[in-house]
Amino acid sequence: MIDTIKHHSTLPTAIIGGGPVGLAAAAHLVLANQPFILFETGKIVGHNLLDWGHVQLFSPWQYNLDKAAKTLLQQSNWQAPDDKVLPFGAEIVRDYLQPLANLPQIKPHIRLNAQVIQVGRKGLDKMTTKNREQYPFVLRVRQGEVYQRYEAKAVIDASGTWQNPNPIGSGGVSALNEENCREHLFYGIPDVLGIHRERFANKSVAVVGGGHSAINSLLDLNKLRAAFPATQLHWVLRKKDIKQVYGGKENDGLRARGALGKRIEKLVEAKKVHIHTPFYIDEIALNAQKKITMKDTEGKILEGIQEIVVNTGARPDFSFLREVRYTSDTALESVPSLANLIDPNIHSCGTVRPHGERELRQPEKGFYIVGAKSYGRAPTFLMTTGYEQVRSVVAALTGDWKAAKEVKLELPETGVCSTELPLVPTTTCFGVGQEQPTASSKKC
Ligand SMILES: Cc1cc2nc3c(=O)[nH]c(=O)nc-3n(C[C@H](O)[C@H](O)[C@H](O)COP(=O)(O)OP(=O)(O)OC[C@H]3O[C@@H](n4cnc5c(N)ncnc54)[C@H](O)[C@@H]3O)c2cc1C
């Protein structure tokens with residue numbers, strides 16, 4: 001065991017996930033001249049983004065690039081995208097993440113088709129405290145049919161949440177018969193104008209959920225209807241009032257996000273979508289004619305549905321962290337100290353104070369949850385927040401505590417996203433980039 005301790009500091013930092021935040025962590029480690037190894041479940045980096053590659057982002061390129069990544073890319077023959085343009089998910093992968101992953105300083109340290117299935121301390125069980133931080137981490141990784149073990153001095157978990165969608169059941173528990181209807185349930189945002197066109201054309205489609213994903217699905221389905229007029233749209237939500245979904249509209253600092261709210265409002269007012277709200281899905285059933293009936297907890301019924309798009313959010317997967325001492329907020333499953341800043345009960349958008357290593361620190365020294373996963377179930381994460389997280393975490397891992405503490409975010413004011421939420425105490429609600437709340441940021 002002495003030997004284990006001696007070699008600890010020369011080991012790489014392990015990064016779990018090759019999304020924008022995991023790769024940004026890699027870029028920061030390169031600039032800090034630190035060894036790392038990055039594991040990605042998918043065949044290529046940006047695996048989750050490709051799943052919604054046809055969706056246009058609401059933040060322009062200027063907010064989607066990490067600074068360290070940009071520095072490295074600019075040393076190659078990379079063509080920087082136009083700052084003001086809103087890219088699609090697939091373009092983020094093609095024009096940014098793949099070129100980044102292909103850089104000679106990064107490529108040799110990426111393992112693709114590599115799913116981390118267990119993390120722990122080498123030779124030390126979870127209960128043992130003495131000298132714990134001196135033992136390396138050990139990661140068990142499934143690479144195809146092969147299981148490998150890797151050692152690391154620190155672990156940055158940037159594994160996101162998109163791959164773990166919530167069920168259709170309104171309480172977070174699968175609806176009765178959910179499994180039996182799988183063939184007609186689409187978890188995610190279908191590419192209805194592309195590869196999923198046949199599945200949805202001229203069908204009676206129900207979109208379930210009240211967030212941006214549901215809005216994106218409905219807006220695309222409405223476009224599909226222009227070519228296939230028999231397509232029918234139903235929107236099933238838990239919210240009491242549909243207006244709660246529209247968000248900050250013109251007040252949203254990210255204009256394209258505000259525009260989503262305005263576009264869906266227009267669609268609803270034109271009565272192009274059948275609204276079912278509040279509807280707490282409890283049970284679904286498929287009949288012999290392949291039509292689905294949805295039943296809510298109070299017995300309300302919605303019949304004749306042929307396809308359901310499930311946009312009920314996603315949740316973090318902690319199963320592979322069983323041997324690590326981590327904490328998460330009991331409600332949001334976010335990193336605990338972020339919960340107050342992002343709780344959807346009081347915030348409607350990305351209002352989060354700049355934060356870094358200190359807020360992200362876990363009981364297990366050298367272990368961090370970052371990126372979309374750090375927000376747990378809260379749907380408001382922005383890439384730029386994650387970039388600042390990993391800049392600070394990497395600074396701490398390299399011993400630069402001054403840089404780790406100096407956290408700042410450069411985002412437009414997003415403190416006023418929804419005007420429908422009640423006023424909340426100013427201490428929990430202020431705009432991105434503000435150290436202190438202001439009068440204009442009381443509603444958020
Ligand atoms: C439809 C949609 C639109 C969005 N639009 C914007 C926007 O406009 N602007 C913005 O700033 N943000 C936006 N976001 C939010 C957020 O920035 C993105 O979700 C972003 O992809 C989060 O980055 P991430 O690196 O934290 O996680 P992800 O991109 O989800 O990456 C996680 C990676 O980890 C891998 N992985 C998971 N588990 C394991 C494992 N056990 N082992 C190895 N690898 C694993 C996954 O395959 C994945 O590649 C949007 C999100 C969605 C869903």
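How many of the twelve residues of α2 are buried? In this predicted model, the count is eleven of the twelve, so α2 is largely enclosed by the rest of the structure.

First, the overall picture. The protein chain holds twelve helices and 16 strands. It runs to 444 residues, and 43% of them are buried. If we take the contacts with a separation of 6 or more, 71% come from residues 24 or more positions apart.

Back to α2, then. The helix covers residues 20-31. From first C-alpha to last it reaches 17 Å, close to the 16 Å expected at 1.5 Å a residue. Its buried stretch starts with Pro20, Val21, Gly22 and Leu23, carries on through Ala24, Ala25, Ala26 and Ala27, and takes in His28, Leu29 and Val30 as well. What do these buried residues pack against? The partners include three strands, β1 (13-16), β2 (36-39) and β7 (154-157). On the helical side, the buried residues of α2 meet α4 (67-74), α5 (89-101) and α11 (383-397).

Setting aside neighbours within four places in sequence, Ala25 is in contact with Ile15, Ile156, Ala158, Val370, Val390 and Val394. Ala25 also belongs to the largest nonpolar core, a set of 68 residues. Within that core, the members touching the most others are Ala25, Ala26, Ile156 and Val370. Apart from this core lies another one, made of 33 residues, with Leu185, Val236, Val245 and Ile305 among them.

The ligand comes next. Which residues come nearest to it? Of the 36 residues around the ligand, those are Gly17, Gly19, Leu57, Gly160 and Gly371. Helix α2 turns up here too: along with α3 (47-51), β4 (114-121) and α11, it gives two or more residues to the shell. Sorted by class, the shell has 18 nonpolar residues, 17 polar ones and one charged.

A kink of about 25° sits at Asp95, shortly before the proline Pro99. The buried residues of α5 are Ile92, Val93, Tyr96, Leu97, Leu100 and Ala101. They pack against α2, α3, α4 and β3 (110-111). As a general point, an α-helix has 3.6 residues a turn, so residues three or four places apart point the same way.

Is Asn33 buried or exposed? With 8 C-beta neighbours inside 10 Å, Asn33 counts as exposed. Asn202 is another non-glycine residue with a positive phi, near 60°, and its place is the loop between α6 (197-200) and β9 (204-208). Asn202 has 15 other C-beta atoms within 10 Å, so it is partly exposed. Finally, the peptide bond from Thr277 to Pro278 is cis, with omega near -5°. Pro278 is found in the loop between β11 (274-276) and β12 (281-286).

Key:
Residues are numbered from 1 along each chain as its sequence is written. This is a predicted model: local features need pLDDT of at least 70, side-chain atom pairs count only at pLDDT 80 or more; totals for chains, interfaces and linings use all residues. Helices (H or I, at least four residues) and strands (E, at least two) are DSSP runs, numbered from the N terminus. A residue is buried if 20 or more other C-beta atoms lie within 10 Å of its own, exposed if 12 or fewer, and partly exposed in between; C-beta atoms are placed from the backbone. Two residues are in contact if their C-beta atoms, placed from the backbone, lie within 7 Å. The expected span of a helix is 1.5 Å times one less than its number of residues. A residue is near a molecule or strand if its C-beta atom, placed from the backbone, lies within 6 Å of it. Ala, Val, Leu, Ile, Met, Phe, Trp, Tyr, Cys and Pro count as nonpolar, Asp, Glu, Lys and Arg as charged, and the others, Gly among them, as polar. A nonpolar core is a set of buried Ala, Val, Leu, Ile, Met, Phe, Trp, Tyr and Cys residues joined through C-beta atoms within 7 Å. The bend at a residue is the angle between axes fitted to the seven residues ending there and the seven starting there.
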